[in-house]
Amino acid sequence: MTGSSAFRVLVAGGGVAGLEAVLALRDLAGDRVEMTLVSPDPDFVYRPMAVAEPFARGHAARHRLCDIAREVGVELVRGALTEVDGPGRIAVTTADGPLSLSYDALLVAVGARSEPAYPQALTWTPQRDPELFGGLLRDLDEGYVKRVAFIVPPGVAWALPAYELALMTAWQAWGMGHADVEVTVYTPEDAPLGLFGAGAAAALRHDLEEAGVHVETGVYVADAPGPPNRLVLHPGERPLEAQRIVALPRAAGPNLAGLPADPRGFVLTDRHGKVADLEGIWAAGDAIAFPIKQGGLAAQQADAAAEAIAAAAGVDIEPRPFRPVLRGMMLTGRGSQWMRYDAAGGAGEGTASRRALWWPPTKIAGRYLSPYLAALDGTQAVDEAARPDGEPVELDLERDLPSAADALRQASLRGEASRARFAQRRAAARGETRTQPPAP
Ligand SMILES: Cc1cc2nc3c(=O)[nH]c(=O)nc-3n(C[C@H](O)[C@H](O)[C@H](O)COP(=O)(O)OP(=O)(O)OC[C@H]3O[C@@H](n4cnc5c(N)ncnc54)[C@H](O)[C@@H]3O)c2cc1C
């Protein structure tokens, strides 16, 4: 880092939390801060869209960190943070052999590691996705596979991809002409995505029923005591019968030397992201000991930490603590379901809608990151819309951007009509009768 007198901020991790933080800090603190970003990966990868790739419904976009760093005015160092000397304010990294970097403020945003929960199941990660699902979808197409199970293991911090994969697999099988394929999700949750509130859970149940996906809630999948490679469902110790089993991975903490962590290696922080018992160190995102690991929350944690760091740098700001608001966009295989829930309280049943509930309409809702990426992708003319009052991710579309809301409504109506036609054909193929005729 240079010898200038600016407040030196070191951000470890070029993912959602790391990028949200550098964008926020540049906005809040301008040239008061001199920022360095350390990342072992050359790219920022938009992982949530990886679920769409095997079904040709989208892709996980990549952005070169060196381009973002140049644009935001951040020095980029290629390497990984391995150790922190808190009292000495030194971060040890793997760049150029070991390279020690001094800082005034350090933000640890290194994410979590993925660990398989069951060796006998296929563990789904964005990296393995094409390989894994290529084979599964081929087997479905050729009629070899009729029963597919998706498992949400106990302790999984973000269950939504399991439902997306199940829904898209069910619709894909149907599209291939196999109406007899059984897709089941096994989950310890009380209700599918119950953390979004009763409203979202009901909407999701409707989507699952329409696609013919079964869900067993309140069940724990475990290794069977007897012969190897078998899984059982608790309570009841029933065998899990399926020809293909796909499980979400468990998240494991980064376990960084020098930082206080919980027993699973996640960094301990307060509500401003300040790391316990250490001066000048903050942490945000999947790396911290917060039970839900989600991109939108990672961005909110990064915003809270950025405000606290800006204040430490001398900016006149009253740092606000992290106050979790869950925003989830689920790919249903026939469109999308948008869910919002104020996890900090007062949310009632939460909100679910076929239309976008925030702007820009992206899977990860970050106050700075979403508009930045939308502008980079050129997907929406975000910069052309007059910026209304308030925070971008908190927009009321109807009130603030009525033309965008209207366009989304029209698209959604077209989607609803085609969903209803699909559902009708599907029910007819199964010999089911409907009490209500589907919408035209
Ligand atoms: C399949 C899938 C679907 C998802 N769907 C959604 C969704 O729909 N909506 C949503 O909001 N969230 C979703 N998430 C969750 C979301 O992707 C994560 O919560 C989010 O990426 C966490 O951000 P982060 O910055 O903490 O970690 P990451 O985004 O994982 O970034 C961590 C960064 O740190 C770097 N790094 C790692 N180790 C080190 C080190 N030692 N030193 C320096 N850098 C390091 C990595 O290279 C990476 O760039 C999904 C996740 C997955 C896997």
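Biologist: Which residues of E1 are buried on one side, and which on the other?

Modeller: This is a predicted model, and burial is read from its backbone by counting neighbours: a residue is buried if 20 or more other C-beta atoms lie within 10 Å of its own. On one side of E1, Phe7, Val9 and Val11 are buried; on the other, Arg8, Leu10 and Ala12 are buried, so both faces are covered.

Biologist: Why is strand E1 described as largely enclosed by the rest of the structure?

Modeller: Six of the six residues in E1, which spans residues 7-12, are buried, and the strand is therefore largely enclosed.

Biologist: With which strands does E1 pair, and in which sense, parallel or antiparallel?

Modeller: Pairing is judged from bridges, of which at least two are needed between two strands. E1 pairs in the parallel sense with E2 (residues 33-39) over six bridges. Val9 has Met35 as its bridge partner in E2. From E1 the chain passes through helix H1 (residues 16-29) to E2, a right-handed β-α-β crossover. E1 also runs parallel to E9 (residues 105-108), to which four bridges join it. In E9, Val9 is partnered by Ala105.

Biologist: How many residues does helix H4 have, and what span should they give?

Modeller: An α-helix has 3.6 residues a turn, so residues three or four places apart point the same way. Helix H4 (residues 160-175) has 16 residues, which at 1.5 Å a residue should span 22 Å; the end C-alpha atoms are 23 Å apart, in agreement.

Biologist: Is H4 mostly covered or mostly uncovered, and what follows the helix?

Modeller: H4 is mostly covered, with 15 of its 16 residues buried. Gly177 follows H4 and has a positive phi, near 95°.

Technical notes
Residues are numbered from 1 along each chain as its sequence is written. This is a predicted model: local features need pLDDT of at least 70, side-chain atom pairs count only at pLDDT 80 or more; totals for chains, interfaces and linings use all residues. A residue is buried if 20 or more other C-beta atoms lie within 10 Å of its own, exposed if 12 or fewer, and partly exposed in between; C-beta atoms are placed from the backbone. Helices (H or I, at least four residues) and strands (E, at least two) are DSSP runs, numbered from the N terminus. A crossover is right-handed if, with the strands pointing away from the viewer, the path from the first strand over the helix to the second runs clockwise. The expected span of a helix is 1.5 Å times one less than its number of residues.
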